[in-house]
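Colleague: I'm new to reading structures, and I'd like to go through one with you. Could you show me how to look at the features one by one?

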Amino acid sequence: MADFLQSAGAFVVLMVALGLVRVARGPGRADRMMAAQLLGSGAVGALLLFGAASGESAVFDVALTLALLSAFASIAFVKFALRQDQPLDDEEDAT
Amino acid sequence: MTTIASGVVVLLLLWLALWTVVARDAFLAVAGFVVYGLLLALVWVRLAGIDVALTEAAIGGGLTGALLLGAVGRLRGTEAATAAEGAGAGTRALAALLALGVTGALVLGVLMLPEPAPTLAPLAVPALPATGVGNPITGVLLAFRALDTLLEAIVLVIALIGVWSFAPDRAWGGRPGPLYRADPQGILAYLARVLPPLGIVIGIYLFWAGADHPGGKFQSATILAAMWMLVQMAGLADTPRTDNRALRFGIVIGPLVFIAVGVLGLFTAGAFLGYPEGWAKPLILVIEVALLPTLAIVLALLMNGPPARPWASAGAPGAGPLPGRHAIASRDRPTRSSDEGGT
Amino acid sequence: MRLLLDVFSVVAIVAGAVFYLAGTVGLLRFPDAYTRLHALTKADNLGLVLVVIGLLPQVNGVLAGLKLVLVWLLVMLSSAAVSQLIARSARRQETRP
């Protein structure tokens, strides 16, 4: 069972790696911003699988932290990209 | 499958690092850096360094990313000039040579380590139960090398003072950063109302679990700081006034308590930062509880940057001479002393 | 009973992996940012849900199970909201000169 979980985790990591190709190539800012999202759901899944494989529940804490902070990173990217399009003294945005 | 994935991740990391360095646009570079940090956390888990993975995910992923994005924003005005300069081919070649040389030296150093590598771990592990904590990393950080941790906390405070020193004279004591605004009925505001309570619970849990399991005050403080930044970014709370006394008290409380415990150790255990028999765990707890607000506030303020808006104005530029604390009677002075800043 | 739980886990996790694959294929092949966002958010999240469901019988202790569920809820919440933000940002990029 542990081997299967390890392999499944490795497979998900491979999927994340492939997805990052798009992030590198993709024209436009939105594709780059998806990187944090991709890691937020992909790497978190892989971490959960690795954690269950090794039996250490501390890895689930890492997954929690990763999920929280990749969401934060995505929001920071979006906010930054919005500010880039606007003059400095007008911080209006309607999200 | 696992070896394939490990190989792919190593190659991916190398490629990502290269991509980050050669990226044309600063935003791309920061995106690459954040992805690199988050991926590295995965690698640390595979290498059984879970505390390091937590710190890498928290700091390398979220915090440094936000910090760098802020820096890129500030450099916006100079981007054209920087692009025009560029470095000559000779400089680039020299830089590449230097980077490769350092990498090579590091690789050689690691590969040539004697087997078994010199380590103090066999000495530290038997002494761990005396400290009362179960997590060896917490034991090292707060008992065996407590002095290092104290100095790191002080360095952080000094770094914050350094960042604040960039404030223009008229803005000293004012609010850092721009006033973020977002639709109060919108998605960002919704996220900023729902995520921070969750984040605070997770942060406090990580802090508490740090005694016996991977975790601890640093990762916890980073999560709390990120949640506070989230609330600010959604416009639900303004950045704090840097002359707020409660804020400044929170900044110094950590190192002060740490030093106090150290001096106490001089009298009770015969050495600075010595813990008397049986008192190690409670003293460590006191230090950690005092350091948590310091670290969280300092990290969040570092992300905010130097004060930019004199507090006499609510976001409008050019509000007049250096604000006097007693001068203006009609000020409403909201105090923002808690970590989340209130909504 | 143990065998049944293990079979259930394997089936759920394999299904989750299939959805991760689908999401990555979509991310790589779809024509523009919005469709890619769909592939990423929906498919990857579904993969995560299935992985979490598959892992629930495998962990020891209620706390670990609770953490799994919490991770799932957190990722679902943040993905849904952040994907909207990214989509709007992309839209704004388009309509600006």
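Modeller: Happy to. Keep in mind that this is a predicted model. Let's start where two chains meet: the contact takes 53 residues from chain B and 43 residues from chain A.

Colleague: Which elements of chain B give two or more residues to the side that touches chain A?

Modeller: They are α1 (2-22), α2 (26-46), α3 (50-74), α9 (187-209) and α10 (217-233) of chain B.

Colleague: And how does that side of chain B divide by class?

Modeller: You get 40 nonpolar, ten polar and three charged residues on the side of chain B that touches chain A.

Colleague: What domains does the assignment give for chain B?

Modeller: It gives domain 1 (1-75), domain 2 (88-118) and domain 3 (121-323 + 332-343). Taken over C-alpha atoms, the centres of domain 1 and domain 2 of chain B are 20 Å apart.

Colleague: What share of the residues in chain B is buried?

Modeller: Of the 343 residues in chain B, 39% are buried. Among contacts in chain B between residues at least 6 apart in sequence, 74% join residues at least 24 apart.

Colleague: What do I look at when two helices pack?

Modeller: Two things: the angle between their axes and the distance between the axes. Take α3(B) and helix α12 (residues 280-304) of chain B, whose axes come within 8 Å and cross at roughly 30°. Angles under 35 degrees count as roughly parallel, and therefore α3(B) and α12(B) are roughly parallel to each other.

Colleague: Which residues meet there?

Modeller: From α3(B) come L63(B), A66(B), L67(B) and G70(B), and they meet L299(B), L302(B) and M303(B) in α12(B). By class, that contact has six nonpolar residues, one polar and no charged.

Colleague: Now single residues. Is G32(B) buried or exposed?

Modeller: Count the neighbours: 20 or more other C-beta atoms within 10 Å makes a residue buried. G32(B) has 24, so G32(B) is buried. You'll find G32(B) in helix α2 of chain B. Leaving out residues up to four places away in sequence, G32(B) touches L16(B), W19(B), T20(B) and A23(B). Also, G32(B) and G65(B) are 33 residues apart along the chain, with 9.6 Å between their C-alpha atoms.

Colleague: Where is A8(A)?

Modeller: A8(A) is in helix α1 (residues 2-25) of chain A. With 28 other C-beta atoms within 10 Å, A8(A) is buried. Beyond its neighbours within four places in sequence, A8(A) is in contact with L49(A), I13(C) and A17(C). A8(A) and S41(A) are 33 residues apart in sequence, and their C-alpha atoms are 15 Å apart in space.

Colleague: What about backbone angles? Which phi does A48(B) have?

Modeller: A48(B) has a positive phi of about 65°, although it is not a glycine. A48(B) lies in the loop between α2 and α3 of chain B, and is exposed, with 11 other C-beta atoms within 10 Å. L273(B), also not a glycine, has a positive phi of about 65°. L273(B) sits in the loop between α11 (245-268) and α12 of chain B. L273(B) counts as buried, with 22 C-beta neighbours inside 10 Å.

Colleague: Last one: what is the radius of gyration of chain C?

Modeller: Chain C has 17 Å, while a compact globule of 97 residues would have a value near 13 Å. The C-alpha atoms of chain C fill a box of roughly 60 × 25 × 10 Å along the principal axes. Chain C has three helices and zero strands, and 44% of its 97 residues count as buried.

How values were computed:
Residues numbered from 1 in each chain as written. Chains lettered and ligands numbered in written order. Predicted model: local features only at pLDDT ≥ 70, side-chain atom pairs only at ≥ 80, totals over all residues. Contact = placed C-beta atoms within 7 Å. Helix = DSSP H or I, 4+ residues; strand = E, 2+ residues; numbered from the N terminus. Nonpolar A, V, L, I, M, F, W, Y, C, P; charged D, E, K, R; others polar. Domains from an automatic or database assignment. Axes fitted to C-alpha atoms, helices over the stretch in contact; angles between N-to-C directions. Parallel < 35°, antiparallel > 145°, perpendicular 65-115°, else oblique. Buried ≥ 20, exposed ≤ 12 C-beta atoms within 10 Å, placed from the backbone. Rg over C-alpha atoms; globule rule 2.2 N^0.38 Å.
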